[in-house]
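The structure comes first, and my entries follow.

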Amino acid sequence: MPISELTKERDLRQSKPLWADTPRIGVRSGTTPDADRYDTIVVGAGISGALVAHALHRPGQSMLVVDRSEPVMGSSVASTAMIQHEIDTPLIELRKMIGRHAADRAWQRSARAVLRLEEIVSSLGISCGMARKQALYVAGDDMGSRALKAEAAAREEAGIAARFLGPTELRNDYAIERTGAILSDISASANPAQLTAGLLRHTSGAGAEIVSHLEITDLRNLGDEVVIATAQGRILSARNVVFCTGYEFLKSLESPKHKIISTWALASAKGIDPPDWLKSHLVWEASDPYLYLRTDRDGRLIAGGEDEDNPISYQSKRKLAAKTETIRSKVEKLLGIDIGEPEYRWAAAFGTTVTGLPLIGAVPGMRNVYAVMGFGGNGITFSQIAAEIIAAAVNGGKDPDADLFRFG
């Protein structure tokens, strides 16, 4: 069975993301597996695979991490890495979709995942610019001041700190002319390539094997073992296999609840003069499509948005120019500054679901095969949740929130 029949193969980024030019993103990898059997095989060496491998690796157990391209250099390097506890679907809307208790649990779990990510980065000493940020969610076409007040109240009811800012306070504190905003904590930013590379290097140093340019073409159960075939003609087996393949998802998991859309992003040159408050904040707006932005340690402004419900439009060079120019214009209008000609412009595909929640867990109809997919705008945060849920399942336990994200 060719690879295209097993997964949806996609070119994950267009043009050159900022992070591709940053240092410390290389990961040593082999070209062929050393063994034929492993305790665990993780398919995908992006941020999801890196976090899952870190969570699953145990001393004395063999692990293989494989990728059809180079480690780190898939969809993870195209992320803007706004590590938010806020889910794309507002809490008041998610409550209508899945019920109040389940929605509150999803938001609470997202907040805890950000805190856990900070702990992991600190404990491993990964240099990736991880920094805690406040999030400013400003009124837009989808939610005005009344809806934002209700959203802030719902978050407070769920035990998630949130403060509504009226137009006067927003103008005085941020010089932003909108009808309102929500200010919250428990978000962060980082260099996603350095974060992914740091995790992979740590897991490799602890004994895991990393192999690049290895395509998986077929998989089956043989008893309790999972047997996989590669395009290079190797047959490998494992006790557990986890697919962390970003937006190249298993065809068997195709569903109208999950789809691929396109997004665009830019990074300014270094040394622009953004408002001082922006250095400690992430900003996004309650619009569709929404704008989101932040700064990095080098003084660049990084922004994205203009999402389009089309799985291939990110490949268009014409749209890359037009969409990023629209993003630039929106940023300048919102902040009242000139950010100059962007130094980096890029586009990517990403997965989303009806509820905005990821799909995580056992692949229906197979034993000991797991998958994580559909991460929307919270890819890094949801990848940490996936790592925790998959680790519990593989080790014979059950994560208390696994039901929120299961397939089917």
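At what angle do helix α4 and helix α9 pack, and how far apart are their axes? I worked on a predicted model, and there I found that α4, residues 100-124, packs with α9, residues 379-394, at an angle of about 85 degrees, with the axes 9 Å apart. Angles of 65 to 115 degrees count as roughly perpendicular, and α4 and α9 are therefore roughly perpendicular to each other.

I then listed who makes this contact: R109, S110, A113, V114, R116, L117 and I120 come from α4, while α9 brings I380, T381, F382, Q384, I385, E388 and I389. Sorted by class, the contact of α4 with α9 holds eight nonpolar, three polar and three charged residues.

Next I turned to helix α2 (residues 47-56) and helix α7 (residues 192-205), which pack at an angle of about 35 degrees, with their axes 9 Å apart. The crossing of α2 past α7 is left-handed. On the α2 side I noted I47, A50, L51, A53 and H54, and on the α7 side L195, T196, L199, L200, H202 and T203. This contact of α2 with α7 has seven nonpolar and four polar residues, but no charged ones.

Finally I looked up the cores. The largest nonpolar core has 87 residues, and W346 and I390 have the most contacts inside it; α4 gives the most to this core, with 10 residues. Leaving aside residues up to four places away in sequence, I390 touches V52, L56, V242, I360, G361, Y370 and V372. Another core, of 29 residues, lies apart from the largest one and includes L278, L320, L334 and A347.

Methods: Residues are numbered from 1 along each chain as its sequence is written. This is a predicted model: local features need pLDDT of at least 70, side-chain atom pairs count only at pLDDT 80 or more; totals for chains, interfaces and linings use all residues. Side-chain values use heavy atoms; hydrogens and water are left out. Axes are lines fitted to C-alpha atoms, for helices over the stretch in contact, and angles run from 0 to 180 degrees between N-to-C directions. Helices (H or I, at least four residues) and strands (E, at least two) are DSSP runs, numbered from the N terminus. A crossing is left-handed if the near helix is turned anticlockwise from the far one by less than a right angle, and right-handed if clockwise. Contact means heavy atoms within 4.5 Å. Ala, Val, Leu, Ile, Met, Phe, Trp, Tyr, Cys and Pro count as nonpolar, Asp, Glu, Lys and Arg as charged, and the others, Gly among them, as polar. Angles under 35 degrees count as roughly parallel, over 145 as roughly antiparallel, 65 to 115 as roughly perpendicular and the rest as oblique. A nonpolar core is a set of buried Ala, Val, Leu, Ile, Met, Phe, Trp, Tyr and Cys residues joined through side-chain atoms within 4.5 Å. Buried means under 20% relative accessible area, exposed over 50%, partly exposed in between (1.4 Å probe, protein chains only).
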